[in-house]
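Please work through the exercises below with the structure at hand, trying each task before reading its solution.

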Amino acid sequence: MAKITPKENYLRLGRGEDPAYVPRFTMMGDEYLGEASCKMLMPQVFPQNHFTDGGYDMWGVRYVADANTGATLPEPNHFILEDIDDWEKVIKFPKMPDGLDYEKMYENDLKAGNVNRELSATMAGPGLMPFQQLIAFMGFTEGLCALVTAPDAVSDMLNAMVDHIQPVMEATMEYYKPDIWYILDDTCTKHTPFFSMDIYRQVFKPIYTRLAKPAIDRGIPIEFHNCGKFEEQVPDMLDFGVKYVDPAQETNDLMKLKKDYKGKLCIVGGWDWDHHIPKSWPDFDEEEIRQGIRDSIDKYSAGGGYAFGGGVPGMDEAAKRVNQIICDEVHWYGRKVYGYKD
């Protein structure tokens with residue numbers, strides 16, 4: 001069998017084709033043995049380092065680090081929008097920088113990210129998570145209440161935000177030419193979405209459709225990131241061009257999704273750390289970890305439509321070692337299940 005690049009192998013899934021081997025997906029595009037299915041490549045017109053370093057996001061929300069996870073989150077009990085009807089007075093839209101040279105930005109980002117477009121698919125996205133941004137503005141209690149009591153005001157605010165970033169989305173398509181358009185929005189808990197499908201269709205689906213339109217117009221597949229139990233939203237996601245869903249956690253009935261949407265949707269995930277934490281953690285048996293990975297691949301890889309996604313959060317030595325094991329096992333066992341040879 002002729003060698004296939006990680007890029008082509010992953011893009012096959014978005015076309016409903018069978019991969020040559022099980023791809024390994026990570027949001028950050030981490031390489032293993034010189035391979036990465038996808039890498040992020042998009043312009044940073046507005047600073048977005050608040051996710052890793054803290055500080056303010058482009059809309060004025062302050063983020064602080066969580067000592068336990070190393071991640072950042074909107075500063076607790078310091079929400080900038082108390083009443084959704086006041087959004088036009090409170091939310092400050094960032095000024096578009098003058099003299100943006102997207103062509104130069106692309107070349108710089110390509111080099112800085114060490115991106116080989118022949119080997120890895122590139123992902124870019126709108127940089128707006130509608131539900132999460134509402135919650136960042138208001139907190140969960142007031143944000144969810146606003147969706148029930150004033151959905152039109154929420155829609156007006158989100159549409160204004162999409163209007164503001166529209167030029168950046170179009171420029172990203174023109175100059176960065178991504179292989180995959182990446183939309184993220186965590187709208188679900190482990191057991192259920194945060195809101196009803198009526199609210200989803202009234203408020204969020206029209207916004208996702210607008211965020212997806214630059215990709216739909218150009219025939220670019222969309223990958224949607226949504227933690228938690230999102231399965232009831234899938235039929236509507238297909239309407240706005242979604243071809244991949246990650247992290248596809250095991251709280252969803254992933255086998256049913258594979259069966260119902262074969263050739264239409266790729267499951268990216270299928271291995272949740274909280275399902276596989278050894279009782280002896282942080283001590284662990286390497287073979288037990290590897291067997292759990294093989295079991296997941298065996299379960300979800302049959303018939304294609306699957307890419308492995310999963311890892312251990314944290315930067316301690318045990319987490320680092322298990323993540324190395326994951327990379328190694330997926331790389332080699334993912335080739336074995338389909339009989340691929342480099």
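**Exercise 1.** Work out how the residues that line the largest cavity of this predicted model divide into nonpolar, polar and charged.

*Solution.* Begin with the space itself, which comes to about 130 Å³ in the largest cavity. Next, list the lining, which is made up of 14 residues, with Tyr21, Arg24, Glu35, Ser37 and His331 lying nearest the centre of the cavity. Sorting the lining by residue type then gives eight nonpolar, two polar and four charged residues. Finally, ask which element gives the most to this lining: it is helix H12 (residues 317-336), with four residues.

**Exercise 2.** Find how many cavities of 30 Å³ or more the whole structure holds, and describe the lining of the second largest cavity.

**Exercise 3.** Compare the distance between the end C-alpha atoms of helix H5 (residues 130-149) with the reach of a straight helix, and locate the bend in H5.

*Solution.* Helix H5 has 20 residues, and at 1.5 Å a residue a straight helix would reach 28 Å, yet the end C-alpha atoms of H5 are only 17 Å apart. Looking along H5 for a bend, one finds about 115 degrees at glycine 139. Gly139 is also among the buried residues of H5, which include Phe137, Met138 and Gly143.

Notes:
Residues are numbered from 1 along each chain as its sequence is written. This is a predicted model: local features need pLDDT of at least 70, side-chain atom pairs count only at pLDDT 80 or more; totals for chains, interfaces and linings use all residues. Side-chain values use heavy atoms; hydrogens and water are left out. Helices (H or I, at least four residues) and strands (E, at least two) are DSSP runs, numbered from the N terminus. The expected span of a helix is 1.5 Å times one less than its number of residues. The bend at a residue is the angle between axes fitted to the seven residues ending there and the seven starting there. Buried means under 20% relative accessible area, exposed over 50%, partly exposed in between (1.4 Å probe, protein chains only). On a 1 Å grid over the protein atoms alone, a cavity is a set of points where a 1.4 Å probe fits but cannot get out, and a pocket is an open set with protein on both sides within 12 Å along at least five of seven lines; lining residues have an atom within 4 Å of a point. Grid points are joined across faces, edges and corners, and a volume is the space filled by probe spheres set on the points. Ala, Val, Leu, Ile, Met, Phe, Trp, Tyr, Cys and Pro count as nonpolar, Asp, Glu, Lys and Arg as charged, and the others, Gly among them, as polar.
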